[in-house]
Amino acid sequence: MNDVGGDPAGPVDKSQHAVEDWELLTDAITIVLDRKGLKTTDEHRRTIEGLSRYRELAYYERWAAATERLLIEKGVLTEKEIDRRVEKLKRVWSEE
């Protein structure tokens, strides 16, 4: 069992899957942001646990969503800047 801020959150999914590129990228981005002092682990955890869709998201989906929210919250990026970049990456990756 795991918990979300002390509330029961159901069983831990221990199924394995191959790590996808976007998951590695998400992990790398969070490490860089930590090392650059742009966020802390505690801030990231607080934001993850505050996600309205927490229970619907997979592990790294939570990390990506929380990182986006933190960057917006801290004024590092705007939602529009992130959305524009996401659309650009989708176009590039669809061409590959």
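Analyst: The discussion below takes the fold, the pockets, the surface and the salt bridges in turn. This is a predicted model, in which local features need pLDDT of at least 70 and side-chain atom pairs count only at pLDDT 80 or more, while totals for chains, interfaces and linings use all residues. Residues are numbered from 1 along each chain as its sequence is written, and side-chain values use heavy atoms, with hydrogens and water left out.

User: Which secondary structure elements does the chain have, and in what order do they run?

Analyst: Helices (H or I, at least four residues) and strands (E, at least two) are DSSP runs, numbered from the N terminus. Here there are four helices and two strands, in the order β-β-α-α-α-α from the N terminus. The C-alpha trace spans about 40 × 30 × 25 Å along its principal axes.

User: How is a pocket found, and what lines the largest pocket?

Analyst: Rolling a probe the size of a water molecule over the atoms shows where empty space is left. On a 1 Å grid over the protein atoms alone, a pocket is an open set of points where a 1.4 Å probe fits, with protein on both sides within 12 Å along at least five of seven lines; lining residues have an atom within 4 Å of a point. Grid points are joined across faces, edges and corners, and a volume is the space filled by probe spheres set on the points. The largest pocket has a volume of about 1000 Å³. Its lining comprises 28 residues, with T26, A64, E68, I82 and V86 nearest the centre. Helix α4 (79-95) gives the most to this lining, nine residues.

User: What classes of residue make up that lining?

Analyst: Ala, Val, Leu, Ile, Met, Phe, Trp, Tyr, Cys and Pro count as nonpolar, Asp, Glu, Lys and Arg as charged, and the others, Gly among them, as polar. The lining of the largest pocket has 15 nonpolar, four polar and nine charged residues.

User: How is burial judged, and is T30 buried or exposed?

Analyst: Buried means under 20% relative accessible area, exposed over 50%, and partly exposed in between (1.4 Å probe, protein chains only). Buried residues make up 22% of the 96 residues in the chain. T30 lies in helix α1 and counts as buried because its relative accessibility is 3%. L25, also placed in helix α1, is partly exposed at 40%.

User: Which charged side chains meet in salt bridges?

Analyst: Side chains of opposite charge can pair when their charged atoms come close. A salt bridge is a side-chain nitrogen of Lys or Arg within 4 Å of a carboxyl oxygen of Asp or Glu. The structure holds six salt bridges, including R45 with E49 at 2.9 Å, N to O. Both of these residues lie in helix α2, four residues apart, about one turn of the helix. R45 is partly exposed at 48%, and E49 is partly exposed at 27%. Another of the salt bridges joins E56 and R53 at 3.4 Å, N to O; E56 is exposed at 61%, whereas R53 is partly exposed at 45%. In helix α4, E87 and K90 are three residues apart, and their closest N and O atoms are 3.7 Å apart in a salt bridge.
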